[in-house]
Amino acid sequence: MTYEDSFVKPSLLKRESSQFDRGDISFIIISGAMALFMIPGLAFLYSGLSRRKSALSLIMVVCASNTVCIIQWYLWGYSLAFSPTATNGFIGNFANFGLKNVLGDPSPGSPLIPDLLYSFYQMEFACVTIGILVGAIAERGRLLPVMVFTFLWMTFVYCPLACWAWNVNGWGYKWGVLDFAGGGPVELGSGVGGLAYAWILGRRKEKELVNFRPHNVAMVNLGTFILWFGWLGFNGGCAYGANLRAVMAIWNSMLSPAFAGVVWCLLDYRLERKYSMVGFCSGSIAGLVATTAAAGYLQPWAAVLMGIVSGLVCNLGTKVKLILGIDDAFDIFAAHAVGGVIGLLFNGIFASHSVIALDGVNLNVPGGWVNHNWKQLYIQFDYICAASGYTFVVTAMIAKAIDMIPGLQLRTTPEGESVGLDEVEIGEYANDYIEVRRHFYDLSAFGEHKVNSTASDLFVSGDKKRSSNVRKSVHRIHLEDSAPETLQEKNIDAVIELQPTSECQ
């Protein structure tokens, strides 16, 4: 042994004779990186779905929540969720605070990968979950309070949910709950939590809800397919090895969203007689959400059926916010909570023992009704009720408590909501330009704006005073209202009202 070798810790020397397959390790590293790529996918999706004046704020809140989540997960998030020495069944302890003693031992989730890699992979699940939830602030929520909320929510909601389902001592794990990649912690956590946060935050102003439409559908599509790509690693990696179960999970993650996207699009077509790209993207995401809970348990034919059901039921689920009067701007509850419920219930009926055993590790899991395990459905149902109820109540309590702290009010001012969060919260813009016109005839033959053309005509005809007033009026309109939609309407009115009279022509 050389002089330098004497300073190497003995535990690190175990790497020379690793018990883990390097192919499995590489597969999970790549899967974790693909799951990380879902963060910009979410950011682009939410940004495209919003109005232009708040587009950048949604990119910012998703990315910032990712950073806060990483810090929380490193400090105690992983320990509270997966510490194997905690036996209360509800939440872990601080035995692995700061990733203490998290290195080369077999992970709590699978003997196929080391603990350190498992902690990284599960961290990406947590980051995606909170990234979904923070979309609830849409166009009215402040950035700083939601960052405080992120840290507390991860500690008091996500970590217990993850412990229930995946910790070896969690009550759900011991009871036999089937939750492959996070139907409870990820989908119910984000969907129900987002609904609770939106409830405490309150509705947007009514005039902001009139004629609301996404400002960039191309970005919605881009975000959706980035998410779909990342979801293949998100679901496939939960087999915790490069094995046939991972391939089956990936296949199911292709089939279900494909069918769900078609179903949602056709349901929207029956109402509008248009093939909605936003509808197709929404359906595809609903199908992906359902696979989160079930991708590694179902035969492909069951995944097809699940996609059809999730596209139909999640589409109808968008009406829940109207019934409850909660401004769930991006239908987080309809897509994630309802989709998560469908996936978990499908496990109770269609989970197949033969699919589960494809990883070569879980050889004694009984499956669902297709394997005559009749009790599995009510186990899944009870788990759904417990996770949903706990998430809604605790999320609402955390949000309300933060809102009562001076300086941490969740909501921006009415003026800030009108101007847009990009202006009042970020000071930068996703699209930093001024829209001239939507319609061709709003431009003159020389490419000049009609209002300016009118002013020029008045000046040439000798009416200098009225020409000056026209230009000042247009300039005042630009300063008073930075919202492009309102700007367009006001300028059109100005063009109509300030056309030259017969006396000036």
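Figure 1. A residue counts as buried when its relative accessible area is under 20%. Cys69 has a relative accessible area of 0%, so Cys69 is buried. This is a predicted model. A search of the whole structure finds zero disulfides. Cys69 is therefore in no disulfide: the nearest cysteine sulfur belongs to Cys127 and is 3.7 Å away, whereas a disulfide needs the two sulfur atoms within 2.5 Å.

**Figure 2. Cys281 and Cys265.** Is Cys281 buried or exposed? Cys281 is buried, with a relative accessible area of 1%. Cys281 is in no disulfide. Its nearest cysteine sulfur, that of Cys265, lies 9.5 Å away.

**Figure 3. The whole chain.** The protein chain has 21 helices and zero strands. It has 505 residues, and 53% of them are buried. Take the contacts between residues at least 6 apart in sequence: 76% of them join residues at least 24 apart. The accessible surface comes to about 22400 Å². Carbon and sulfur atoms hold 65% of that surface.

**Figure 4. The largest pocket.** Rolling a probe the size of a water molecule over the atoms shows where empty space is left. The largest pocket has a volume of about 1100 Å³. Its lining counts 45 residues. Which residues are the closest to its centre? They are Trp264, Val278, Thr318, Lys321 and Asp331. The elements that give two or more residues to this lining are α2 (38–49), α9 (217–236), α10 (244–272), α11 (277–294), α12 (300–317), α13 (320–324) and α14 (332–350). Of these, α10 gives the most, with six residues. By class, the pocket lining has 26 nonpolar, seven polar and 12 charged residues.

**Figure 5. The largest cavity.** The count comes to one cavity of 30 Å³ or more. The volume of the largest cavity is about 30 Å³. Which residues line the largest cavity? The lining is made of Ser57, Val61, Ile137, Gly141, Leu143, Leu421, Glu425 and Ile426. The most comes from α18, with three residues. Five lining residues are nonpolar, two are polar and one is charged.

Technical notes: Residues numbered from 1 in each chain as written. Predicted model: local features only at pLDDT ≥ 70, side-chain atom pairs only at ≥ 80, totals over all residues. Heavy atoms only, no water. 1 Å grid on protein atoms, 1.4 Å probe; cavity = no way out; pocket = protein on both sides within 12 Å on 5 of 7 lines; lining within 4 Å. Points joined across faces, edges and corners; volume = space filled by probe spheres on them. Helix = DSSP H or I, 4+ residues; strand = E, 2+ residues; numbered from the N terminus. Nonpolar A, V, L, I, M, F, W, Y, C, P; charged D, E, K, R; others polar. Buried < 20%, exposed > 50% of the residue type's maximum accessible area, 1.4 Å probe, protein only. Contact = heavy atoms within 4.5 Å. Areas by Shrake-Rupley, 256 points an atom, 1.4 Å probe, with all protein chains shown as cover.
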